[in-house]
Amino acid sequence: MVLSMIRFIGLLFEPINWVLSLLASVLRLGAGGAGKPAVEPAQPLIVYEFEGCPYCRVAREAISETGVPVLMRPCPKGGKRFRPRVSELGGKEQFPYFIDPNANISMYESTDIARYLYKTYGKRWSSTMLLLGPINGMLSQFGVLARLIRGTIVRRSLSPDQPLEFVGMERGPLARTVKELLCEMEIEYYWRSRSGDGSSAPKLMDPNTGRSISGAFKIRSYLLKTYGG
Ligand SMILES: N[C@@H](CCC(=O)N[C@@H](CS)C(=O)NCC(=O)O)C(=O)O
């Protein structure tokens, strides 16, 4: 009864959540669409990051626009699953932290990561947002403000044995609500902005249960039901 009430109240707030997520995409001037890489990496790239970080967003937009597959290791504040690994690997707890196992390269700076991705895997050498320099950083801060603190602070969860798979582009307002939850729950997932059939609609595949789910709201309910702590 209490759970149904909470779910019902959550549903009432859902339109506000979606409008604020749309606002975040508008404030980023629509950056972070879905792409197809010019070069397919042999092994997936790895990114340690969190959704509520404006610098991480710059890196995620490049991942989304180039369309490269990436293993996302969410590091929300207070997270214990992946966060501590970053200082072990790179020497400091700073996000985003990026690894390309194909080239034996790792780096911290968001704009360096974005430039590297366009140059190595993209069909173009940069994005308009990157060319805006400091204005890019400022707009990214606004994008984060629009989402309040979603995708920033850890919440209790169970850890799946195998990483999940998620399709959805960075600028997608609905896809963002899923990535924020995956982040808060510290759930590791392979992320691709566009699937093989060209669709960029939010879709989750869970190899642990064999489930494949479309639609942001359904995916979030599934994640909370299956891995909520
Ligand atoms: N110059 C760096 C700045 C990165 C940065 O300051 N990231 C913040 C998060 S938004 C951070 O790592 N803070 C430490 C923490 O979250 O523990 C970049 O552009 O990537």
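**Cores and ligand shell in a predicted model**

Colleague: Which residues have the most contacts inside the largest nonpolar core?
Modeller: In this predicted model, the largest nonpolar core is made up of 35 residues. Those with the most contacts inside it are Phe 98, Leu 117, Leu 164, Phe 166, Leu 182, Leu 204 and Leu 223.

Colleague: Which element gives the largest share of this core?
Modeller: Several elements give two or more residues to this core, among them the strands β1 (45-49) and β2 (70-74) and the helices α2 (54-66), α4 (110-121) and α7 (173-184). The largest share amounts to six residues, and the element that supplies them is α4.

Colleague: Which residues does Leu 117 contact, if neighbours within four places in sequence are left aside?
Modeller: Leu 117 is one of the residues with the most contacts inside the largest core. With those sequence neighbours set aside, its partners are Leu 45, Ala 59, Ala 62, Ile 63, Thr 66, Val 68, Phe 98 and Gly 122.

Colleague: How much of the ligand's exposed area does the protein bury?
Modeller: An oxygen atom of the ligand lies 2.8 Å from an N or O atom in the side chain of Arg 83, while a nitrogen atom of the ligand lies 2.7 Å from an N or O atom in the side chain of Glu 109. A polar side-chain atom of Ser 110 is also 2.7 Å from a ligand oxygen atom. Of the 510 Å² that the ligand exposes when taken alone, the protein buries 74%.

Note on methods: Residues are numbered from 1 along each chain as its sequence is written. This is a predicted model: local features need pLDDT of at least 70, side-chain atom pairs count only at pLDDT 80 or more; totals for chains, interfaces and linings use all residues. Side-chain values use heavy atoms; hydrogens and water are left out. A nonpolar core is a set of buried Ala, Val, Leu, Ile, Met, Phe, Trp, Tyr and Cys residues joined through side-chain atoms within 4.5 Å. Buried means under 20% relative accessible area, exposed over 50%, partly exposed in between (1.4 Å probe, protein chains only). Helices (H or I, at least four residues) and strands (E, at least two) are DSSP runs, numbered from the N terminus. Contact means heavy atoms within 4.5 Å. A polar contact is a pair of N or O atoms within 3.5 Å; within protein, one must be able to donate a hydrogen and the other to accept it, and residues adjacent in sequence count only if both atoms are side-chain atoms. Accessible areas come from the Shrake-Rupley method with a 1.4 Å probe; for residues, only the protein chains shown count as cover.
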